[in-house]
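Here's a quick briefing to go with the structure. Have a look at it first, then read on.

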Amino acid sequence: MALPLALGINLWIVAVALPLGLAAHARALAGANILAITVVSLAPLVALAVGVSQKRAAGQALALLVGFPVLIVAPQALAAAEVTARVVPSVAMVLAAASLLAFLVAVAQAQTRAERLAEGPPAAVRRLAQDPVPSRWRRRLRVYRGLAAVAVLFPAALLAAVDLSPSFAASLESSFGAQAARAQALATVGVGLLWIVLLRAYVLQPLHGHLQHDRDLLAAMEADRRHARHGRPRPAFYLAVFVALAAMVAVVLQRAK
Amino acid sequence: MRKYFFEGLALLLILGSLGFFFECVHYLGKRDYVAAILLLFVGVSVIHVGAELARLALVERD
């Protein structure tokens, strides 16, 4: 648990101590309750210490994977948005996100190692025969890698459009004025929710069915094969094409007004 | 040949839908909510068309 402890302390410095120091330097803490600030700032370290000292895996996971990350973001979440935006540079957010990711990976790896140690060494170890991977499996692996790439590409591109695009920020500034930061936060949440819906409908659901050898999926594939023999797609295809074209025409008409 | 055509078209449509979502986000920023919702419909429909073509490509493989 030495690595998670070190990364946890690093995360606390990046996400709590550093912004707190910057806020104190900028005199943004005037009027705040010192006792409350101290308690909120030190609570993550307590959760970290409790998690590292826990012997039970469930308690350790709760403290390190839930309690600590929530308490780490609590000080900035409780602070006024204007203060955070004024005091903390945006690069620090990227650094904090990377530190959080490294901490979570380190905790997960440490827990896996502890589980393996608890299970004891295997009775016998033998190398599997290194047969060449069949083409069917190579094809499946390509599909899985493609799905993983799409799962990263889509949300990353949409979040970049919302949070990093200067033209979008300028549009928000001109439309919402002082409320632009809140509107941007709302758009970020909306984009995240949109991606969750798309991921569930178009990636996870078919993948889950495929992995479980779902009877419904097999029946649907058989129906698709019958359709494909006719050489025509399903009615849903034509409906989606119609909706897309109608919506495009509506956009053009609406913008032409 | 048909298989590769369907696969390429499906990939193009699924990635192309991202452009409509981009525009949707930009219209949201300009407070043009009607255009944003219409573009959301376009994006979801295009991704749906891409998924249907991917399904056809999969069946063609078998």
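Helices here are DSSP runs of H or I with at least four residues, strands are E runs of at least two, and both are numbered from the N terminus. With that in hand: just after helix 1 of chain B, R31(B) takes a positive phi of about 65 degrees.

Keep in mind that this is a predicted model, where local features need pLDDT of at least 70, side-chain atom pairs count only at pLDDT 80 or more, and totals for chains, interfaces and linings use all residues. Residues are numbered from 1 along each chain as its sequence is written, while chains are lettered from A and ligands numbered from 1 in the order in which they are written.

**Confidence**
- Chain A has a mean pLDDT of 82, with 94% of its residues at 70 or more; pLDDT is the predictor's confidence in each residue, from 0 to 100.

**Chain B**
- Chain B has two helices and zero strands.
- In chain B, 67% of the contacts with a separation of 6 or more come from residues 24 or more positions apart; a contact means C-beta atoms, placed from the backbone, within 7 Å.
- The end C-alpha atoms of helix 1 of chain B are 41 Å apart, which agrees with the 40 Å that its 28 residues should span at 1.5 Å a residue (the expected span is 1.5 Å times one less than the number of residues).
- Buried residues of helix 1 of chain B include F6(B), L13(B), F20(B) and Y27(B).

**Helix 7 of chain A**
- In helix 7 (residues 166-176) of chain A, the buried residues are F168(A), S171(A) and L172(A).
- They sit on the same side of helix 7 of chain A, because they cover an arc of only 95 degrees around the axis, taken from the directions from the helix axis to the C-beta atoms.
- The other side of helix 7 of chain A has P166(A), S167(A), A170(A) and S174(A) exposed.
- Cover for the buried residues of helix 7 of chain A includes helix 6 (135-163) and helix 8 (180-211) of chain A, plus helix 1 (2-29) of chain B.
- Just after helix 7 of chain A, G177(A) takes a positive phi of about 60 degrees.

**Where the chains meet**
- Chain A puts 30 residues into the contact and chain B puts in 27.
- On the side of chain A that touches chain B, helix 10 (235-256) of chain A gives the most, with 12 residues.

Definitions and conventions. Buried ≥ 20, exposed ≤ 12 C-beta atoms within 10 Å, placed from the backbone. Contact = placed C-beta atoms within 7 Å.
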